[in-house]
Amino acid sequence: MEKNWESILAPYEQVVTELKVKLRGIRKEFREKNEHIPIEFVTGRVKPVDSILAKSRLRNIPFDRLESEMSDIAGLRIMCQFVEDIYEVVKILRSRKDMKVIVERDYVTNSKQSGYRSYHLVIEYPIQLVEGPRNLLVEIQIRTLAMNFWATIEHSLNYKYQGDFPEEISNRLIRAAEAAYRLDEEMSSIREEIQEAQHLFSHGKRVEHSVSTNGKPRKEMHDD
C-alpha cells in the first residue's frame with residue numbers, strides 16, 4: 001500500500017517550525033539584553049522522501065523504525081560568527097527543559113578526514129498533536145559561516161562525484177577546510193574589536209580615534 005508521506009512528515013514540519021521560532025526567540029533575548037548574539041541565523045528542513053528511502057535502504061532501517069533510528073528526518077542548521085559562539089549555543093541547548101540532547105558529536109575540535117567541521121546534536125523534542133504527544137528526533141548542526149561555506153561546496157562536489165572525489169579535488173578540499181578554520185581562528189583573535197564595531201554600528205555611533213594628553217590613543221564616540 002502506498003504511504004501517505006505528506007501525513008507522515010507533517011509532524012516533522014511542525015518540529016522544524018517550532019524550533020526555528022524558539023531559536024529566533026533566543027536571538028531576541030540577547031538583542032534585548034544588548035549582548036552579543038551567538039546565533040547569526042537558522043535554517044531548517046525536512047528530509048525529502050527519496051533521501052529518506054535511500055538512507056533507509058543503505059542502513060537497513062525498516063519503515064516502522066524510521067522514527068526511532070533515523071535522527072535527521074528533521075534537521076536544523078545554526079550559523080554562528082565565531083567558533084566560541086558554537087559552544088555557547090551548545091550550552092544553551094543543553095540547559096533547555098523543552099528538549100533533551102541525546103547525542104553530541106564535536107567535529108569542530110575533531111574534524112572529519114575530509115576536513116569537515118561542525119558540531120552535531122541529536123535532540124529529542126516533544127510535540128503536541130491531535131492524537132496526543134510524540135517525541136521526535138531532530139539533528140541540529142552548529143557551525144560558523146566559514147565552515148558552512150566549505151560544507152556547502154563539498155556537498156555540491158559530493159553530488160557531482162557521488163562521494164568518489166579525484167585525489168586532487170580531495171586534497172584541495174582539505175587545504176580549503178584548513179584555510180577556512182584559520183580564518184575562524186583569526187576572527188576569534190580580534191573578536192572583541194569586531195563585536196565592539198558591530199555594537200557601535202547597530203546603535204548608529206561612530207568612533208573617532210585621537211590622542212589624549214598623555215600621548216596614548218583614545219576613542220571618542222559620536223552619534224550619527
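Guide: Let us begin with pairing: two strands pair if DSSP finds at least two bridges between them. Strands themselves are DSSP runs of E with at least two residues, helices are runs of H or I with at least four, and both are numbered from the N terminus. This is a predicted model, in which local features need pLDDT of at least 70 and side-chain atom pairs count only at pLDDT 80 or more, while totals for chains, interfaces and linings use all residues. Residues are numbered from 1 along each chain as its sequence is written, and side-chain values use heavy atoms, with hydrogens and water left out.

Visitor: How many helices and strands does the protein chain have?
Guide: The protein chain has seven helices and seven strands. From the N terminus on, their order is α-β-α-α-β-α-β-β-β-α-α-α-β-β.

Visitor: What makes strand β3 (residues 100–106) a partner of β4?
Guide: Six bridges join β3 to β4, and the pair is antiparallel. At least two bridges are required, so the two strands count as paired. Within this pair, Lys100 stands opposite Glu124 in β4.

Visitor: How do you know that β4 also pairs with strand β5 (residues 132–144)?
Guide: Eleven bridges join β4 to β5, again in the antiparallel sense, and Pro126 stands opposite Asn135 in β5. The two strands form a hairpin with two residues between them.

Visitor: Which strands are the edge strands of the sheet?
Guide: The open sheet has five strands in the order β1-β2-β5-β4-β3, with mixed pairing. Its edge strands are β1 (41–46) and β3, since each pairs on one side only. On average, neighbouring strands are turned by 25° against each other, direction ignored; the axes behind angles are lines fitted to C-alpha atoms, for helices over the stretch in contact, and angles run from 0 to 180 degrees between N-to-C directions.

Visitor: What joins β1 to strand β2 (residues 74–80)?
Guide: Six bridges pair them in the antiparallel sense, with Gly44 opposite Leu76 in β2. Helix α1 (residues 5–32) packs on the sheet, touching β1, β2, β4 and β5, and its direction makes about 110° with that of β4. Helix α5 (residues 145–161) packs on the sheet as well, touching β1, β2 and β5, at about 100° to the direction of β5. Contact here means heavy atoms within 4.5 Å.

Visitor: Why is Ser188 called buried?
Guide: Buried means under 20% relative accessible area, exposed over 50%, and partly exposed in between (1.4 Å probe, protein chains only). The value for Ser188 is 18%, and therefore Ser188 counts as buried. Ser188 lies in helix α6 (residues 167–189) and touches Phe82, Val83 and Glu84, not counting residues up to four places away in sequence. The C-alpha atoms of Ser188 and Val83 are separated by 7.1 Å, although the residues are 105 apart along the chain.

Visitor: What makes strand β4 (residues 119–129) mostly covered?
Guide: Eight of the eleven residues of β4 are buried. Of the 224 residues of the protein chain, 36% are buried.

Visitor: Where in the protein chain is confidence lowest, and where is it highest?
Guide: The predictor's confidence in each residue is pLDDT, from 0 to 100. Strand β7 (residues 217–223) has the lowest confidence, at a mean of 51, and β2 the highest, at 98. The mean over the protein chain is 89, and 88% of its residues reach 70 or more. Where pLDDT is low, the predicted coordinates should not be read in detail.
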